[in-house]
Amino acid sequence: MPRETPPQRPWIRVTLTTSIVAILLCLILISLSIGVIETSLADLFSQAADGEGLLLLSRLPRTLATLLAGASLAVAGFILQTLVQNRFVEPATVGTADSAALGLIGVSIVLPDAGIFSKMLVGSLAAFVGALGFLALVKRLPRTQPLLVPLCGIFYGGVISSVATFLAYENDLMQYIGIWMNGEFSGVLQGRYELLWASGLIALAGYAYADKFTIAGLGRDTASGLGLNYSQTIHLGLAIVAMVTAFTVITVGMLPFVGLVVPNIVSRFVGDNSRKVLPLVALVGGTFVLGSDILGRVLRFPYEIPAGAIFGVIGTFVFLWLLLARPSRA
Amino acid sequence: MIDIQNVTYHHGRSLILDDVSLRLKKGGITALVGPNGAGKSTLFALMARLLPLQSGSIRFDEMEVGKTGTQSLARKLAILRQEANVASRITVRDLVGFGRFPHHQGRASEADEAFVQKSLHEFDLASIADRFIDELSGGQRQRALVAMAFAQDTDYLLLDEPLNNLDMYFARSLMQQLRALADAYGKTIVIVLHEINYASGHADEIIALKQGRVALQAPPESFMTAENLFAIYGMDVQVETFGNRKIALHQV
């Protein structure tokens with residue numbers, strides 16, 4: 001007989017949500033108050049009331065950017081894991097981010113004067129195609145070996161990234177690859193991060209399809225049996241993942257592990273039913289990334305360590321712990 | 001009525017189904033039996049539009065598979081596949097609740113909730129309704145999947161080896177429940193079985209497939225003879241009558 005588990009009452013979700021909101025509010029205040037320029041929160045707010053100053057120009061945008069990037073990447077990771085039916089995938093490790101970068105490099109070479117909008121479009125499209133390619137690849141893997149899926153994704157991403165790097169090298173665009181692939185927020189100012197709002201809105205739009213994603217996650221046969229248009233749902237989900245990834249890559253750079261660690265932690269406590277879980281995934285994603293950014297800002301003050309690097313280090317350990325401490329399956 | 005006409009199916013070069021034509025009357029339980037590799041699951045997948053038809057046609061009453069929208073079909077027939085391995089961490093209640101999806105497309109009404117509750121009770125799942133399905137035993141998960149198909153509340157129920165993983169107690173009670181569903185609600189249940197005695201004991205009609213062809217379609221009384229079983233399975237089996245049931249003694 002399987003291990004007796006306590007019934008999953010809603011209070012787990014409520015307690016978890018409340019405590020994370022409390023932590024998040026503290027982090028937001030900390031994030032607003034630390035920086036190289038010495039000033040007090042009171043001064044910041046009084047300046048902001050006049051519509052100017054450090055708060056509106058830099059600190060608030062930076063805080064919002066971390067929250068938006070973290071939340072939408074975590075949601076993208078959750079959706080990707082649901083659709084691929086594998087817990088060990090996320091946009092950064094299965095080639096989606098690399099495909100976005102490849103698309104962006106491509107458009108920078110072919111149309112150097114292209115506006116941000118057309119770049120975004122090409123980047124998102126490339127990420128979408130990359131994700132479709134990955135899905136076609138993993139369909140051929142034996143279902144009994146779930147760990148082959150992320151391994152295959154890493155190879156796949158490596159191949160795409162090497163093409164992107166080669167093109168960048170040949171065309172003297174290497175600095176872009178560095179910026180796109182290493183997420184950090186020190187360059188975020190008012191007017192330079194607003195694309196992330198679009199990313200957040202897209203992630204929010206994903207919530208409207210939460211039930212469909214969960215059903216698709218039950219497998220093609222079960223989903224079709226329930227009358228779901230399976231391939232349409234997959235395409236829609238991948239489009240959301242692709243856009244969130246591409247928007248993040250171009251604005252602040254990719255933050256690996258967010259889409260992997262956060263959904264795994266949340267799922268462990270409250271399960272996989274997207275409708276119930278997605279808000280919490282977004283909340284935890286934003287909180288973790290903001291926390292990483294704050295750590296990166298204070299550890300070597302006044303210098304900075306990229307949030308992506310901090311998250312990578314902490315995230316790896318958290319993920320290893322999750323992997324090893326996972327209760328044995330019935 | 002399920003009307004299957006001239007269905008032929010190839011997988012690569014090998015012939016899986018060879019010109020199968022069947023007519024199943026509405027209401028009651030039909031058992032589909034046959035040796036491994038006879039094409040039972042393929043026929044099932046074709047009926048449930050999980051595989052595209054290569055030739056022939058399949059109709060459920062007025063709805064023709066392949067020409068009817070997948071959503072309408074989901075309200076006409078529910079299917080439980082043999083290898084329905086669900087990896088998601090969702091609760092039994094949520095899983096069974098998704099059975100109502102074809103009816104509400106994401107906005108569950110109180111009637112839907114009530115039906116879910118009824119399904120949970122019907123299949124003895126109320127006490128584990130809030131457990132995650134990845135923490136259940138194989139048999140409990142199987143019952144949850146059958147309950148989901150039941151919650152779909154369709155005229156037709158296609159179950160591919162639903163007795164997998166079930167112990168004697170639950171196997172028999174599931175068959176009895178299906179019998180009750182067929183009798184009380186006039187549902188048409190098609191069920192793939194390996195254990196011929198469950199077919200004999202609970203079905204109204206048994207269909208045997210062999211090498212992609214229909215070998216026999218008959219009520220249990222005339223189906224269960226040593227000659228028929230030899231023709232289908234290629235083994236000598238003693239058939240005995242107990243009460244009004246015929247039982248094949250194939251285990252010994």
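Tutor: Start with R81(B), which forms a salt bridge with D221(A), the closest N and O atoms being 2.9 Å apart. A salt bridge here is a side-chain nitrogen of Lys or Arg within 4 Å of a carboxyl oxygen of Asp or Glu. Bear in mind that this is a predicted model, where local features need pLDDT of at least 70, side-chain atom pairs count only at pLDDT 80 or more, and totals for chains, interfaces and linings use all residues. Residues are numbered from 1 along each chain as its sequence is written, chains are lettered from A and ligands numbered from 1 in the order in which they are written, and side-chain values use heavy atoms, with hydrogens and water left out.

Across the interface of chain A and chain B the rule finds 2 salt bridges. Besides R81(B) with D221(A), there's D94(B) with K276(A), whose closest N and O atoms are 2.8 Å apart. That pair crosses between chains, going from helix α3 (residues 92–98) of chain B, where D94(B) sits, to helix α13 of chain A, where K276(A) sits. Helices, by the way, are DSSP runs of H or I with at least four residues, numbered from the N terminus. The cut-offs are under 20% relative accessible area for buried and over 50% for exposed, with partly exposed in between (1.4 Å probe, protein chains only).

D94(B) has another partner in chain A: its side chain makes a polar contact with the side chain of N273(A), at 2.8 Å. A polar contact is a pair of N or O atoms within 3.5 Å; within protein, one must be able to donate a hydrogen and the other to accept it, and residues adjacent in sequence count only if both atoms are side-chain atoms. You'll find N273(A) in the loop between α12 (258–270) and α13 (274–298) of chain A. N273(A) is buried, with a relative accessible area of 8%. Contact means heavy atoms within 4.5 Å.

Follow D211(A) from there and you reach a salt bridge inside chain A, to R275(A), with the closest N and O atoms 2.7 Å apart. This pair links distant parts of the chain: D211(A) is in helix α9 and R275(A) in helix α13, 64 residues apart. D211(A) is buried at 11% relative accessible area, whereas R275(A), at 38%, counts as partly exposed.

Now step back to the whole interface. The contact takes 35 residues from chain A and 32 residues from chain B. Together the chains bury about 2800 Å², 54% of it on carbon and sulfur atoms; buried area is the accessible area (1.4 Å probe) that two parts lose on being put together, summed over both. The rule also finds 11 residue pairs in polar contact across this interface, both residues at pLDDT 80 or more. On the chain A side, α9 (210–216), α10 (220–225), α12 and α13 each supply at least two of the residues that touch chain B. The largest share, 5 residues, comes from α10(A). By type, the chain A side divides into 10 nonpolar, 11 polar and 14 charged residues.

One last stop on α13 of chain A. The side chains of D293(A) and R297(A) meet in a salt bridge (3.1 Å, N to O). Being 4 residues apart in that helix, D293(A) and R297(A) are separated by about one helical turn. D293(A) is buried at 1% relative accessibility, and R297(A) counts as buried at 7%. Salt bridges that share partners join R62(A), D293(A), R297(A) and E304(A) into one network. Over all chains, the structure holds 23 salt bridges.

Terms used. Ala, Val, Leu, Ile, Met, Phe, Trp, Tyr, Cys and Pro count as nonpolar, Asp, Glu, Lys and Arg as charged, and the others, Gly among them, as polar.
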